[in-house]
Amino acid sequence: MKTTTNNRIVKDVYLDLVRTFPLRPIRTKAELDAAMQALEPLVVRDDLDASEEDYVEVLTGLIERYETPQKPLPRASAIDVLKHYMSTRNMTTADLGRVLGHSSLASAILVGKRQISKSHAKLLAEHFDVGVGLFVD
């Protein structure tokens, strides 16, 4: 018997594989071991049909995703965030100075000689319509 999904005919062998080992994100070592056991008898065969190849491809991707450590992105500094928002709005140092009330202050902040104070963070958040926390290190 065959089942139709999205205008594709899926042989019951694929559905049997999914029933045996459902294709879900792998979150633990035990789940990884079970996935490897489900994959092993398939990868040694050279006569897989298209549905079995699809299953192997997806399961292999899930295993690779689990085995590849996901490193958190480093948090951008407040000055980097400011520079990003300035570039998206084509702002100059002089434009920033007008927001903060003084052009030399804007220059000092952009080159890292001054930190963004809480009052400056509030002005920037208001100007860019974002949260204050983006401009606080």
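**Before you start.** This is a predicted model, in which local features need pLDDT of at least 70, side-chain atom pairs count only at pLDDT 80 or more, and totals for chains, interfaces and linings use all residues. Residues are numbered from 1 along each chain as its sequence is written, and side-chain values use heavy atoms, with hydrogens and water left out.

**Stop 1: the whole chain.** Show the cartoon. Seven helices and two strands make up the protein's elements. The order from the N terminus is β-β-α-α-α-α-α-α-α. Helices (H or I, at least four residues) and strands (E, at least two) are DSSP runs, numbered from the N terminus. The radius of gyration is 27 Å, well over the 14 Å that the globule rule gives for 137 residues, so the protein is more spread out than a compact globule. That radius is taken over C-alpha atoms, and the rule is 2.2 Å times the number of residues to the power 0.38. Along the principal axes, the C-alpha atoms fill a box of roughly 75 × 35 × 20 Å.

Stop 2: Of the 137 residues, 29% count as buried. Buried means under 20% relative accessible area, exposed over 50%, and partly exposed in between (1.4 Å probe, protein chains only). Now colour by charge. There are 18 positive and 19 negative side chains, and the centres of the two sets lie 14 Å apart. Lys and Arg count as positive and Asp and Glu as negative; His and the chain ends are not counted. Each charge is placed at NZ of Lys, CZ of Arg, CG of Asp or CD of Glu.

**Stop 3: the largest core.** Select L82, L96, I116, L124 and F135. These residues have the most contacts inside the largest nonpolar core, which has 19 residues. Such a core is a set of buried Ala, Val, Leu, Ile, Met, Phe, Trp, Tyr and Cys residues joined through side-chain atoms within 4.5 Å. Which elements give two or more residues to this core? They are α4 (78-88), α5 (93-100), α6 (103-110) and α7 (118-128). Helix α4 gives the most, with five residues. Centre on L124. Beyond its neighbours within four places in sequence, L124 is in contact (heavy atoms within 4.5 Å) with L82, L96, V99, L100, I116 and F135.

**Stop 4: the second core.** Select F21, L39, L42 and L59. They are among the 15 residues of a second, separate core.

**Stop 5: E52.** Move to helix α3, where E52 is found. Is E52 buried or exposed? E52 is buried, with a relative accessible area of 7%. Leaving out residues up to four places away in sequence, E52 touches V13, L17, L42, R45 and D47.

**Stop 6: two positive phi values.** Most residues other than glycine have a negative phi. Select N90, in the loop between α4 and α5. N90 has a positive phi of about 50°. At 66% relative accessibility, N90 is exposed. Next, take D129, in the segment after α7. Phi of D129 is positive too, near 60°. D129 is exposed, at 70% relative accessible area.

**Stop 7: P69.** Finish in the loop between α3 (50-67) and α4, the place of P69. P69 is exposed, with a relative accessible area of 62%. Draw a distance from P69 to G112: their C-alpha atoms are separated by 33 Å, and the two residues are 43 apart along the chain.
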